[in-house]
Amino acid sequence: PFGAAPPAAAKPASPFGAPPAAGGAAPASPFGSAAPAKPAAEGASPFAQSGAANPFGEATASRAKPKPAEEDTRSAWEKLPKPAMAQVVIVLSFTTIISLMLATFWVVVQLGGVSFNDQ
């Protein structure tokens with residue numbers, strides 16, 4: 001196995017296209033034998049309604065009637081957004097860190113480690 005001659009290297013297939021057809025001629029379209037798309041009618045609007053399915057789940061592209069507005073009876077306090085637990089943890093951590101820094105500075109000042117050039 002280690003002293004044998006390497007096998008004849010075949011030309012590697014291209015990862016970017018299909019192998020040529022059995023007849024030797026490559027297909028004209030990269031999509032195989034799919035029929036070409038129909039050209040748009042002259043002057044047709046690309047925004048006109050078509051018979052195609054709507055990607056937003058509606059059967060047709062008809063306009064939906066707006067729902068009547070409901071009166072919001074909540075108080076101003078109830079309308080405030082509720083904070084997430086992660087937001088509470090972040091605020092508490094910043095507050096704790098800043099408080100510890102100020103407390104440490106106060107201790108250093110009380111021990112005489114900081115002088116403000118007072119006379």
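Reader: Which side chains does the polar contact of 3.2 Å join?

Author: This is a predicted model, where local features need pLDDT of at least 70, side-chain atom pairs count only at pLDDT 80 or more, and totals for chains, interfaces and linings use all residues. Residues are numbered from 1 along each chain as its sequence is written, and side-chain values use heavy atoms, with hydrogens and water left out. A polar contact is a pair of N or O atoms within 3.5 Å; within protein, one must be able to donate a hydrogen and the other to accept it, and residues adjacent in sequence count only if both atoms are side-chain atoms. The two side chains joined at 3.2 Å belong to Asp72 and Arg74.

Reader: How many salt bridges does the structure hold?

Author: Here a salt bridge means a side-chain nitrogen of Lys or Arg within 4 Å of a carboxyl oxygen of Asp or Glu. Asp72 and Arg74 form one, with their closest N and O atoms 3.2 Å apart. The count for the structure is one.

Reader: Is Asp72 buried or exposed, or partly exposed?

Author: Buried means under 20% relative accessible area, exposed over 50%, and partly exposed in between (1.4 Å probe, protein chains only). Asp72 sits in the segment before helix H1 (76-79). Because its relative accessibility is 39%, Asp72 counts as partly exposed.

Reader: What distance separates the end C-alpha atoms of H2?

Author: Helices (H or I, at least four residues) and strands (E, at least two) are DSSP runs, numbered from the N terminus, and the protein has two helices and zero strands. The expected span is 1.5 Å times one less than the number of residues. For the 26 residues of H2 that should give 38 Å, which agrees with the end C-alpha separation of 37 Å.

Reader: Why does Met101 count as exposed?

Author: Met101 lies in helix H2 (residues 85-110). Met101 counts as exposed because its relative accessibility is 51%.

Reader: What percentage of the 119 residues count as buried?

Author: Just after H2, Gly112 takes a positive phi of about 90°. Across the 119 residues of the protein, the buried share is 1%.
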